[in-house]
Amino acid sequence: MCGRFVSASSPGEIADYFGAAMVGETMTEPNYNVAPSVPVPVVAQSEDGRRLDLMRWGLVPFWAKSVSIGNKMINARVETVTEKSAFRNAIKKHRCIIPANAFYEWTAVTDPNAKKPRKQPWCIQRNDGAPFAFAAMFESWRDPDGDGSRLQSCAILTGPANAAMEPIHDRMPIMVPLDMWDAWLDPTDTDAAALLAAITAPPAELFDIYAVSTAVNNSRSSGVQLLEPVAPMTTESLAAESLAAEAGEGRLL
């Protein structure tokens, strides 16, 4: 699962790193809390070479009657992507890379004074400062009731977590290694299953994982401050927080 990520590099930095030309008319500002349905930078292959463009996050299959289906198509499981009707055309012919400076995942922490656990967000970055190259795919969709214009949208592939991610979540985005960028982006290679089988999870030591503020839980929150590390919440810290709040309320009585 990948429900939020960070896209903070400038278009020029992304284009240089991935060897792509910018073709989008407008590129987005840095976004430290990318949520589904927003435009994201995507690297894809064209007849003239790699290109960097914007696509809506949340794949809308070419056969869809409404764009709203894309809200459920932000991720695709590597185990079934070649079989699902929503993805099997895109994974064969329209593979791409979504650059990400980091991504977020959550763990549940028992709150002794609440019926439901609290969610602790974690930030996952590469410790060498380079962006992740998320394996992704895109599709072009035309609104049957619209003016004929096309919407390009994308989805991120996910697979089993590596050793670094396992304590937090059992899945993570698939990441395309540098030596497979050409093959992954090649639209003439339709053997997606073989390509996916050749991608191995990055080593655990590449990851830098730390707790961040629950402010990231709100999709409207943004800003570089979301990346600042915090002490992770624990059942004990939540209990102490509750006791402190009760003591404060008692002083006000």
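Tutor: Let us begin with Asn 162, which lies in the loop between strand 11 and strand 12 (171–173); helices (H or I, at least four residues) and strands (E, at least two) are DSSP runs, numbered from the N terminus. This is a predicted model, in which local features need pLDDT of at least 70, side-chain atom pairs count only at pLDDT 80 or more, and totals for chains, interfaces and linings use all residues. Residues are numbered from 1 along each chain as its sequence is written, and side-chain values use heavy atoms, with hydrogens and water left out.

Student: Is Asn 162 buried or exposed?

Tutor: Buried means under 20% relative accessible area, exposed over 50%, and partly exposed in between (1.4 Å probe, protein chains only). Asn 162 has 7% relative accessibility and therefore counts as buried.

Student: Which residues does Asn 162 touch, not counting those up to four places away in sequence?

Tutor: Contact means heavy atoms within 4.5 Å. On that basis, Asn 162 touches Met 172, Ala 201, Pro 202, Pro 203, Ala 204 and Phe 207.

Student: Which residues have the most contacts inside the largest nonpolar core?

Tutor: A nonpolar core is a set of buried Ala, Val, Leu, Ile, Met, Phe, Trp, Tyr and Cys residues joined through side-chain atoms within 4.5 Å. The largest has 30 residues, and Phe 87, Ile 97, Met 137, Leu 157 and Trp 184 have the most contacts inside it. Apart from it lies another core, of 27 residues, including Phe 5 and Ile 74.
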